[in-house]
Amino acid sequence: MTPVLLLFLGALVSSAQVDLTGYWAFRVKDGGVNFFQLQQTGDNVTSVPSAGRGGGRGGTLAGTLRDGKLHLVTVFDTPAPAPAAAAGQTSAQPPARRETVYEGVVENANRIPVTMQATGRDPLKGTYERVTREEAFPARIPLPELRDVPDNGMARTPPMGWNSWNKFQDVFDDATVRQMADAMASSGMSKAGYTYIVVDEGWTSGRDANGNIVGNGKFPNMKALADYVHSKGLKIGIYSSPGPQSCSGKMGGGYQGSYGHEEQDARTFAEWGYDYLKYDWCSAGGVYGSTREEEQGAYQKMGEALLKTGRPMVYSLCQYGSADVWKWGAKTGGNLWRTTFDIGDRWESMERIGFAQIDIAGYAQPGHWNDPDMLEVGNGGMTADEYRTHMSLWCLLSAPLMAGNDLRTMTDETKSILMNPDVIAIDQDRDPKPVERLSQQGRSEVLVRPLSGSAFAVGLFNRGDQPAEISFRLDALKFNTGLYGFRRLQVQDLWRHEPVQVSGDTYTATVPKHGVVLLRVSIASGRGGF
Ligand code: GLA
């Protein structure tokens, strides 16, 4: 079309002002999609609050359509807080305000190319496309009756691997994932026990004519990707949502979810050779109620679908710990369930989440684990002491160990934290017992966990801002072999990699700010005393 003709058409459009009232999708190529309803009165355009329906984490849009030029602004809070408090978490930080501006020129009544500019982000080009009400806000499909899904026999110890989200959000591609698999194999991570490479939000663009979920331009062949990861001796995970869409990354909005296609998607993931599914609530909150029954039903539906494929797949529930998921996650066939909102690469976030998990530690058992979210170790937002606290806590909690950093560029320090075999051994203990709080004094806490082989892991944690002396009584460790006093205790400092001499009744260590001293205490073989 010549520029003159375009100008002429543009003038026509502006003189006969289109009415944008109706349902719209904002789509970004190889990115996400955001659905909303617009209402136009004269030049003024606003979005109709969707009362929690639909996908994405959109706010309310308001602006104008003048001379065919659209200008809309949405102001919303981030991150989107979910309603239920998880695992005794204190309430979230006040969210930062941010704004998104959409500018576009109307092409026709059903299509507007638009540039989106969100505070602090690169501009994104996409299109507004008119959609049906049903496409934007699908009706609720009845959920199955609640029943217990049989155990799939997977994840007898907490799953270990890598997940793309913490480092990349949805800005990554097939090549990134392959490189991460290479690095997992070459860096020693796989030898240390890390097995699953999990592709989080950002891989799909939608469905083909037969309703099959398909990868987007950045993930052109999900089966080939799985084959590649398998060729490295690793396993691979994929990501979807019980809702129509996933949550929302940096690329315009949410991605395709499994809503209404649960069995079909489970079959696809199995055919492609996936070994793990992370299933993230996200927009499911728009079609189902936020009750335990509805959440359990939605997760059960996929749990049954996965089982039906006959392919063993680890099933990872992600609904941010709402409705006490630790009490029913296993019933849906879940092997792990998030117990908290998203972690951030900050001391305050990690500390708040980590120390809030102790009361529910007893719900973890082989095949079914509490998941306080993925690791931030190596992402740069915390000190080495803080990352050692992070790793120590997660291992004492028997938490899944999903690294969330760039495995291609790990420093020796990061490697020493993620790959400490003695610390990982606590996490992977075949006979997991819950960690307990032995004592708490001010900002100092001593956590203890019985280990198999008549041993204890003891973590002396300093949550304070100054170095602290932290002590515990050795006789607080209840060895079932009788009084330890008649025997010799063997104590190993698991971060210093050296034995510790103990004498007397009490052990005291100086622990750096936000740091930890992590010990393994066992009874030395042979006779002796001290
Ligand atoms: C939620 C999850 C995260 C990640 C993102 C993707 O916030 O909790 O772990 O999967 O969605 O949008």
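## Salt bridges overall

Across the whole structure, a search finds 30 salt bridges, a salt bridge being a side-chain nitrogen of Lys or Arg within 4 Å of a carboxyl oxygen of Asp or Glu. The model is predicted, so local features need pLDDT of at least 70 and side-chain atom pairs count only at pLDDT 80 or more, while totals for chains, interfaces and linings use all residues. Residues are numbered from 1 along each chain as its sequence is written, and side-chain values use heavy atoms, with hydrogens and water left out.

## A buried pair

Lys278 forms a salt bridge with Asp200, with 2.7 Å between the closest N and O atoms. Lys278 belongs to strand β14 (residues 276–280) and Asp200 to the loop between β10 (196–198) and β11, so the pair links distant parts of the chain, 78 residues apart. Helices (H or I, at least four residues) and strands (E, at least two) are DSSP runs, numbered from the N terminus. Both Lys278 and Asp200 are buried; buried means under 20% relative accessible area, exposed over 50%, and partly exposed in between (1.4 Å probe, protein chains only).

Arg473 meets Asp475 in a salt bridge at 2.9 Å, N to O, and meets Asp505 in another at 3.9 Å, N to O. Because Arg473 lies in strand β22 (residues 468–473) and Asp505 in the loop between β24 (498–500) and β25 (506–511), the pair ties together parts that are 32 residues apart in sequence. Arg473 is partly exposed, with a relative accessible area of 42%. Asp505 is partly exposed at 42% relative accessibility, and Asp475 is partly exposed at 31%.

Elsewhere, a network of salt bridges links Glu351, Arg437, Arg443, Glu445 and Arg463.

## The second largest pocket

The second largest pocket has a volume of about 450 Å³. It is lined by 23 residues, of which Arg27, Phe35, Glu135, Pro244 and Gln256 are the closest to its centre. On a 1 Å grid over the protein atoms alone, a pocket is an open set of points where a 1.4 Å probe fits, with protein on both sides within 12 Å along at least five of seven lines; lining residues have an atom within 4 Å of a point. Grid points are joined across faces, edges and corners, and a volume is the space filled by probe spheres set on the points.

β2 (33–41), α2 (133–136) and β11 (204–207) each supply at least two residues of the lining of this pocket. The largest share, three residues, comes from β11. By type, the lining divides into seven nonpolar, 11 polar and five charged residues. Ala, Val, Leu, Ile, Met, Phe, Trp, Tyr, Cys and Pro count as nonpolar, Asp, Glu, Lys and Arg as charged, and the others, Gly among them, as polar.
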